Amino acid sequence: MQPESRANRLPRKEPPVPWIRVFTYAEATGMLKAQYDAALQRAGRIWNIVSIMSQNPRALKASMDFYSALMHGASPLSRGQREMLATV
């Protein structure tokens, strides 16, 4: 039997969880409100991937424009193939 390591004897602490301030729909104004409204129209809800970018509405808009171009623009790949690539 091997001796117990010091790490195993110490009380176990969970690693800290990162926290990012997210603006709610009620707090949104201007460009952020427009992006939240677009998200609601698209998906019927505001997904976490959208709300996590709420501190930078310009980046959120650019990200959604990029996603839209990749997923809905002209492409030799089918929509299903693009979705498969997006999940890898």
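Analyst: Begin with the core. This is a predicted model. In soluble globular proteins, nonpolar side chains tend to be buried together. Here the largest nonpolar core has seven residues: A28, L32, Y36, A39, V50, L60 and M64. Helix 2 and helix 4 each supply at least two residues of this core. The largest share, three residues, comes from helix 2.

User: What does the overall chain look like in secondary structure, and how many helices and strands are there?

Analyst: The chain has five helices and zero strands. Read from the N terminus, the order is α-α-α-α-α. Of its 88 residues, 14% count as buried. Now take contacts between residues at least 6 apart in sequence: 31% of them join residues at least 24 apart.

User: How do I read a helix pair, and at what angle do helix 2 and helix 4 pack?

Analyst: Two packed helices are described by the angle between their axes and the distance between the axes. For helix 2 (residues 30-43) and helix 4 (residues 57-72), the angle is about 35° and the axes are 9 Å apart. The crossing of these two helices is left-handed.

User: Which residues of helix 2 and helix 4 meet?

Analyst: Helix 2 brings M31, L32, Q35 and R42. Helix 4 brings P57, R58, L60, K61 and M64. By class, this contact of helix 2 with helix 4 has five nonpolar, one polar and three charged residues.

User: Take K61 from that list. Is K61 buried, exposed or partly exposed, and what is K61 in contact with?

Analyst: K61 is in helix 4. Its relative accessible area is 34%, so K61 is partly exposed. Beyond neighbours within four places in sequence, K61 is in contact with M31 and Q35. K61 and Q35 are 26 residues apart in sequence, yet their C-alpha atoms are 6.6 Å apart in space.

User: Next, aromatic rings. How do I read a pair, and how many aromatic pairs are there?

Analyst: A pair of aromatic rings is described by the distance of the centres and the angle of the planes. The count here comes to one aromatic pair. Y25 and Y36 form it, with 6.4 Å centre to centre and 20° between the planes. That pair is stacked. Y25 lies in the loop between helix 1 (6-9) and helix 2, and Y36 lies in helix 2, so the pair ties together parts that are 11 residues apart in sequence.

User: What does Y36 touch?

Analyst: Leave out residues up to four places away in sequence. Y36 then touches V22, F23, T24, Y25, A28, I46, V50, S51 and S54.

User: I46 is in that list. Where does I46 lie?

Analyst: I46 is in the loop between helix 2 and helix 3 (48-51). Apart from neighbours within four places in sequence, I46 is in contact with Y25, Y36, A39, L40 and S51. From I46 to T24 the sequence separation is 22 residues, and the C-alpha to C-alpha distance is 9.5 Å.

User: One last case. What does H72 touch?

Analyst: H72 is found in helix 4. With residues up to four places away in sequence not counted, H72 touches Y67, R79 and R82. H72 and R82 are 10 residues apart along the chain, and 9.4 Å separates their C-alpha atoms.

Note on methods: Residues are numbered from 1 along each chain as its sequence is written. This is a predicted model: local features need pLDDT of at least 70, side-chain atom pairs count only at pLDDT 80 or more; totals for chains, interfaces and linings use all residues. Side-chain values use heavy atoms; hydrogens and water are left out. Axes are lines fitted to C-alpha atoms, for helices over the stretch in contact, and angles run from 0 to 180 degrees between N-to-C directions. Helices (H or I, at least four residues) and strands (E, at least two) are DSSP runs, numbered from the N terminus. A crossing is left-handed if the near helix is turned anticlockwise from the far one by less than a right angle, and right-handed if clockwise. Contact means heavy atoms within 4.5 Å. Ala, Val, Leu, Ile, Met, Phe, Trp, Tyr, Cys and Pro count as nonpolar, Asp, Glu, Lys and Arg as charged, and the others, Gly among them, as polar. A nonpolar core is a set of buried Ala, Val, Leu, Ile, Met, Phe, Trp, Tyr and Cys residues joined through side-chain atoms within 4.5 Å. Buried means under 20% relative accessible area, exposed over 50%, partly exposed in between (1.4 Å probe, protein chains only). Rings of Phe, Tyr and Trp (its six-membered ring) pair if their centres lie within 6.5 Å; planes under 30 degrees apart count as stacked, over 60 as edge-to-face and the rest as tilted.
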